[in-house]
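Subject: Structure handover

Hi,

Here is the structure we talked about. My notes follow below it.

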Amino acid sequence: MPPSGPAPLLPPDVRHRLRGLKLRARRAAGAASGIHASRNRGAGLEFAQHRAYEPGDEPRMVDWKLYARSDRLFVREAERESPLTLWILLDASGSMGQADAARPDWTRLDAARALAAGLVEMALAGGDRFGWVALAGDQPHLLSPGAGGRHRDRLSLEMATVKAAGGFPPPPRWAPLWDRIGAHDLVVLLSDVFDPNSVDLAGRLAAAGREVMAIRLLTVEERDFPFQGGHRFRDPETGDELPGDGVLLRADFLRRFGEARARIGAELDARGVRHVEYVLDEPLDAPLRRLFGGKA
Amino acid sequence: MSAALLAPLGLAALAALLPLLLIHLARRDIQRPIDFAALRWLTPRPKPHRRPRLDERALLAARLVLLTLLALALARPVVLDERGARTWLVVAPGVDPAAARAQAPNAARRLWLTPGFPELAGQTPGEGAPISSLLRELDAALPRGARLTVAVPAVLDGVDAERPRLSRAVDWRVLPGATPAPAPHAAPAIAPTLVIRSAPGFEAGARYLRAAAAAWSPSPSAAAPAVAPLSEPLPDTAKAIAWLAPGPLPAEVRDRLARGAVVLLPAEASIEGLGPATPLWRDAQGRLLVEGGSQGRGRWRRFTRPLASETMPELLQSDFPTRLVGLLADPPPKPARVQARDFHPLIGGRAGSPSAQDVTPLLALIVAALFALERWIATRRQRAPSP
């Protein structure tokens, strides 16, 4: 079912490459039932189906009552309830509206939406529940977790209305998150993580027992600083402006920004947040593959 | 081949290049600021490096070339054609061509010094020609730096009264021979046949003229010219016409004048439109009796006083017919023969400018093509919005 909205959030090729990926939480991965995956059939509460007995099935799985009625051996299978709830924390502060001059219609927020759509697809494939929070303005917008295609559509509709404006919400505005995001939930933060508050939020959620991951979105201009000649640079959140010559600023900026990236990464590591960087010219599935692919 | 500008002030239009450059200077002041969230890691520099930067170099270059060519077109460029042989030999008529041929190296171009400058290989031109004028013409037409050898006969005819002044040194070779004599001039001082036309009231004056004309006749028996009224048609052969009538000349007489007749006019006639008048005859007291001028190929003479013995006693003098013949006769030919060795041209004449070719049409074509190119660049789809 294609996602509703003017344009599909997720290009078909990316959707195809995401097919093999599964949401994987460290804590869930350590559970006895093995890899968390969709529709594991096995011991559980929800009845899924009967199937014919095969040699090797545990005798306790055989539905003896049915055997009594039909004189044939059936195995009772149940659907295991997913223990995983995915929370997508979408940073919608002003800095997320930044795009590269080379591709002005591909802002950080657009990339974050597409990544969120990818995460939702993965959650759908695994039968997991998912909700999202838009971190902007006075009150974080919040959609309670749900499952299924209708919930995915509602989420993408809501996401389409988000505009990048304002700053990252300060700690007093985080109260709803504590109420709603349960322990052992999987939280993915989509943000540039420039704001110390965003690092703090991820760190606190991780400290409170949530599985927190962060995808740090960078623009190509931040990575390469390709400016030539004089420009006026403006911080979209504070409105501060700085005139300068691109060539002169370049070396110093790349050094300081590289240090800052390393420092933020180290801090996230130290606070137990897994994180990857995503630059806007990379394929969309790359960060998800780095987070969820491979053998964890 | 070299180029020159006929109107160098047109290059002042090059000043238009300056506003063009200003238009294309990047207008950084109205540039949109760049959103940059990582601003906090940008180190402010105390003095931003400002180097003039130009937008859309290709368009600017096309416009610069276009304007430059337009300014050049305003300056009216010409290309001077200075091709041609380096040595020239011209031979005046009257020289043996075979003897003249040896006067210059083989590479030289050899021409006759006659109108049109035919090749020496052609047959000998018969008619003599104005040598001085032809020399000046050739000197002006030759490319700068060309060496000129002139072979002339010992006696030159048809020259000016002055040694020609040329822009270059001339190798002046005098060979035996003489310029063929031009057609013989008409025998001088043959008295013309006077045709007298008289308006009413001028008959008395006409009598003096008739008497003078009768006096020219070689034999007394010859009939004196008749005095006829103005309405009488003029004979076709009339060379001398006495038109004794007041006011301006009628068209018929003007036509005769233009074709070479001599017209004698009374004091009452108007000489308006006949050109400047020169005094021709003064009496013993120095008072003007006859003035005259030329018009077309003909000449006119006008008495300044009424033709009566009271006002002009010279009419009664015995030398009046002789005077009248002198007034009417053709001027004697100017002396035009000279010893060629005395006629070596002088140096110091103005150099003639070689034939110049106007390149403005070519320039206009290039400008049109460039304009099309400029429009194409300026209206491309991938163009930035500014200038």
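Strands (E, at least two residues) and helices (H or I, at least four) are DSSP runs, numbered from the N terminus. Two strands pair if DSSP finds at least two bridges between them.

This is a predicted model: local features need pLDDT of at least 70, side-chain atom pairs count only at pLDDT 80 or more, and totals for chains, interfaces and linings use all residues. Residues are numbered from 1 along each chain as its sequence is written, and chains are lettered from A and ligands numbered from 1 in the order in which they are written.

Sheet, chain A:
- Strands β4 (residues 85-91) and β7 (residues 129-135) run parallel, joined by seven bridges.
- In β7(A), V133(A) stands opposite L89(A).
- Both belong to an open sheet of six strands, ordered β8-β7-β4-β9-β10-β13, with mixed pairing.
- Its edge strands are β8 (141-146) and β13 (274-279).

Core:
- A nonpolar core is a set of buried Ala, Val, Leu, Ile, Met, Phe, Trp, Tyr and Cys residues joined through C-beta atoms within 7 Å. Buried means 20 or more other C-beta atoms within 10 Å of a residue's own, with C-beta atoms placed from the backbone.
- The largest core has 67 residues; I88(A), L90(A), A116(A), V188(A) and L190(A) touch the most other members.
- Helix α4 (residues 108-126) of chain A gives the largest share, eleven residues.

Chain contact:
- Chain A brings 27 residues and chain B 18 (contact: C-beta atoms, placed from the backbone, within 7 Å).
- Strand β11 (residues 230-234) of chain A runs parallel to β2 (residues 34-35) of chain B, with two bridges.
- There, R234(A) has D35(B) as its bridge partner.

Best wishes

Technical notes. Contact = placed C-beta atoms within 7 Å. Buried ≥ 20, exposed ≤ 12 C-beta atoms within 10 Å, placed from the backbone.
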